[in-house]
Amino acid sequence: MEQFTLTLPSSPLPQDIVRAAICGVVSSGNLEVLVEPGATRDACEIVVNTSAHGFRDIWEAVLKDFAARHDVGGLRLSINDAGATPAVVSLRLDQAFETCAA
Amino acid sequence: MSEQAIFDRLFGAGGHDIASTGLFLHGSAQVGDKRVTVIGTRDHAAIDGPLALRIAAAILQAVRADADTAPRPILFIADTQGQALSRHDELLGLNGYFAHVARCVDLARRHGHRLLTVINGEAVSGGFLAFGMLADRICALPDAQVRVMDLRAMARVTRISLERLEELAGVSPVFAPGAENYWRMGGIHEIWSTDDNWPDRLAAALASATDTDGRAAIGLERGGRLLAAPTAQLVADA
Amino acid sequence: MNGRRISYFEASARMRLSGLVDADSFSEFCPPELRQTSPHLAQLGAPQAFDDGVVVGRAKLAGHAVLVAAQEGRFIGGSVGEVHGAKIRGLLDKALVKRPAAVLLLADSGGVRLHEANAGLIAISEIMRAVLRVQAAGIPVFALVGGSCGAFGGMGIVTRLCAEVVMSEQGRLGLSGPEVIETVRGVEEFDSRDRALVWRVTGGKLRRTLGEATRLVDDLIPAFRAAAADLIARYQAHPLAPASLVALLDEQARLAARSERFAGARDGREIWQAAGFADASRVPELSVAEFNLHLGETS
């Protein structure tokens with residue numbers, strides 16, 4: 001398993017999230033994202049736990065893109081991954097965002 | 001040790017009257033000052049539907065026999081390589097036959113029969129789950145083998161290399177075969193040694209048997225299963 | 001209820017739960033944010049899940065209080081490890097205190113999790129005892145089986161301990177999976193890639209015909225909900241009595257008769273033929289309504 005944490009600058013989420021939410025299921029080529037309130041308003045903290053080793057650069061690119069596309073400041077995302085492709089990761093992150101924006 | 005020699009050691013010569021037919025054991029024996037019903041499997045039995053029904057019938061007979069008197073304890077002797085593996089047994093619902101055995105064990109417990117298991121030989125997976133593992137107190141004879149699956153088969157299913165599994169088996173009680181591992185996790189109450197006085201240990205085990213399931217707490221106390229008890233508590237208290 | 005036709009088989013554990021119980025009534029115990037994860041997976045290089053593959057909590061179903069557990073078949077085959085098993089066991093312990101109308105077990109599991117095999121086996125034994133204890137106290141446990149992993153291994157035994165077993169045709173129920181039998185006994189004994197055969201030996205229609213499943217429903221979440229609601233109403237009217245010696249002697253006779261009658265059987269067609277289906281080979285094609293109508297006419 002490989003684990004790392006990124007703190008990415010992002011505009012604050014328009015409203016506070018009421019409760020934690022979870023998206024996705026940990027299965028081969030898939031991942032789960034747990035969304036919770038974070039520590040700082042203008043950054044998004046993302047903890048990645050993945051079974052695929054050596055893809056940190058790609059993770060950083062996908063996560064930076066996500067933090068730039070959405071206002072996710074003030075969120076803490078925790079990811080359990082079983083080797084999802086970047087496309088699946090992006091999709092799941094967008095779903096997680098929609099869950100807490102709804 | 002032959003089967004008769006093991007019975008002699010467990011109950012004393014002349015202290016038992018147990019018939020062995022095929023893979024099935026049934027009779028009675030003396031434990032301390034108590035007469036107990038003995039029900040078991042032998043010769044590393046693969047438990048199929050008919051054998052499960054013989055076990056269940058013997059339990060029901062024991063409950064019926066003591067309907068109007070003090071319920072005698074039941075001693076299970078478990079020696080099983082697991083469930084029978086066949087399309088026929090699956091078709092008829094072997095899981096349902098095992099569930100029936102479990103209901104019979106539960107009926108005996110509710111009727112006040114104390115339940116003991118002695119593992120002699122092997123206790124594997126579904127065959128162990130069906131009856132031996134449901135007793136109030138579970139004792140393993142020296143050299144008893146207890147497991148879900150051997151490491152080679154486990155390597156095939158999990159696609160983790162055998163070398164890695166063997167390396168981890170030395171340090172982790174959680175998946176590796178062995179009675180000692182089950183003891184640490186609370187799944188087996190006692191492991192006896194060759195030097196022990198087995199009749200004394202049997203009598204003591206019977207005296208300490210209770211009808212509550214304390215295995216998670218024992219696993220916590222012995223340090224082999226640290227999360228089961230607190231997690232169940234967390235949910236129960238939520 | 002919404003009219004969307006949501007496949008129970010395709011849905012995740014959380015989707016099944018949210019469609020099964022009354023809207024907004026579900027409250028989760030030991031939720032993902034508590035991170036009560038398996039400590040044993042990482043050492044074998046397997047990813048963990050924040051809920052360890054099972055969702056437990058309280059809810060209402062048709063207004064009645066229920067406790068629910070839903071296994072996630074897509075996470076390591078819905079397998080039972082130390083934490084996963086303890087969550088179900090804790091839920092059953094809670095049932096003794098809270099006395100809900102029923103406990104619903106949405107089983108979707110191949111059985112013991114091999115990565116933590118010993119803990120999993122003991123956990124299943126603990127669940128078995130807890131189910132028996134809860135039902136002896138008059139609280140029925142219903143098993144719902146319609147997920148991709150079915151209910152196998154120890155969870156197959158647990159399922160059959162439950163007062164009611166609701167299945168879809170897609171659901172499968174057994175002890176040893178076809179792959180295990182094929183690996184040990186050879187492809188001639190059980191060809192696990194012959195999907196039609198696998199379903200004729202383990203599937204919902206076969207289990208319902210034998211009486212192993214007590215209801216067969218369509219592969220839709222609302223169909224499972226309707227069956228569970230109906231069963232709750234029935235147990236409210238006629239509370240569960242603890243299994244008696246007489247009842248177990250009856251079951252003993254029933255199972256003995258099954259073993260004798262079908263001593264050489266190896267295919268569901270033989271069971272369907274004996275159950276009076278005119279063309280046993282066509283049973284898999286019958287709709288659930290047609291199938292249930294036939295059982296109602298002959299049983």
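How far apart are the mean positions of the 7 positive and 13 negative charges of chain A? In this predicted model, they are 2 Å apart. Here Lys and Arg count as positive and Asp and Glu as negative, with His and the chain ends not counted; each charge is placed at NZ of Lys, CZ of Arg, CG of Asp or CD of Glu.

Before we walk on, a word on conventions. Residues are numbered from 1 along each chain as its sequence is written, while chains are lettered from A and ligands numbered from 1 in the order in which they are written. Because the model is predicted, local features need pLDDT of at least 70 and side-chain atom pairs count only at pLDDT 80 or more, whereas totals for chains, interfaces and linings use all residues; side-chain values use heavy atoms, with hydrogens and water left out.

Let us stay with chain A. Two helices and five strands make up its secondary structure, in the order β-β-β-β-α-β-α from the N terminus. Helices (H or I, at least four residues) and strands (E, at least two) are DSSP runs, numbered from the N terminus. The C-alpha trace of chain A spans about 35 × 25 × 20 Å along its principal axes.

Chain C has 11 helices and seven strands. For its 299 residues the globule rule gives a radius of gyration near 19 Å, and chain C agrees at 19 Å. Its C-alpha trace spans about 55 × 45 × 45 Å along the principal axes, and 62% of its residues count as buried. In chain C, 70% of the contacts with a separation of 6 or more are between residues 24 or more positions apart, where contact means heavy atoms within 4.5 Å. The mean positions of its 34 positive and 34 negative charges are 5 Å apart.

How do the chains meet? Two pairs of chains touch, and the most contacts are between chains B and C. No contact joins chain A and chain B, and their closest C-alpha atoms lie 13 Å apart. Between chains B and C, 72 residues of chain B are in contact with 82 residues of chain C. The size of an interface is often given as the accessible area lost when the parts come together. For chains B and C the buried area (the accessible area, with a 1.4 Å probe, that two parts lose on being put together, summed over both) is about 6600 Å², and carbon and sulfur atoms give 65% of it. Arg87(B), Leu91(B) and Arg103(B) supply 13% of the area that chain B buries against chain C, more than any other three residues.

Finally, look at the backbone of chain B. Most residues other than glycine have a negative phi. Asp43(B), however, has a positive phi near 55°; this residue lies in the loop between strand 3 (34-41) and strand 4 (45-47), and counts as exposed because its relative accessibility is 57%. Ser125(B) also has a positive phi, near 45°. Ser125(B) is found in helix 5 (residues 125-130) and is buried, with a relative accessible area of 18%.

Technical notes:
The radius of gyration is taken over C-alpha atoms; the globule rule is 2.2 Å times the number of residues to the power 0.38. Buried means under 20% relative accessible area, exposed over 50%, partly exposed in between (1.4 Å probe, protein chains only).
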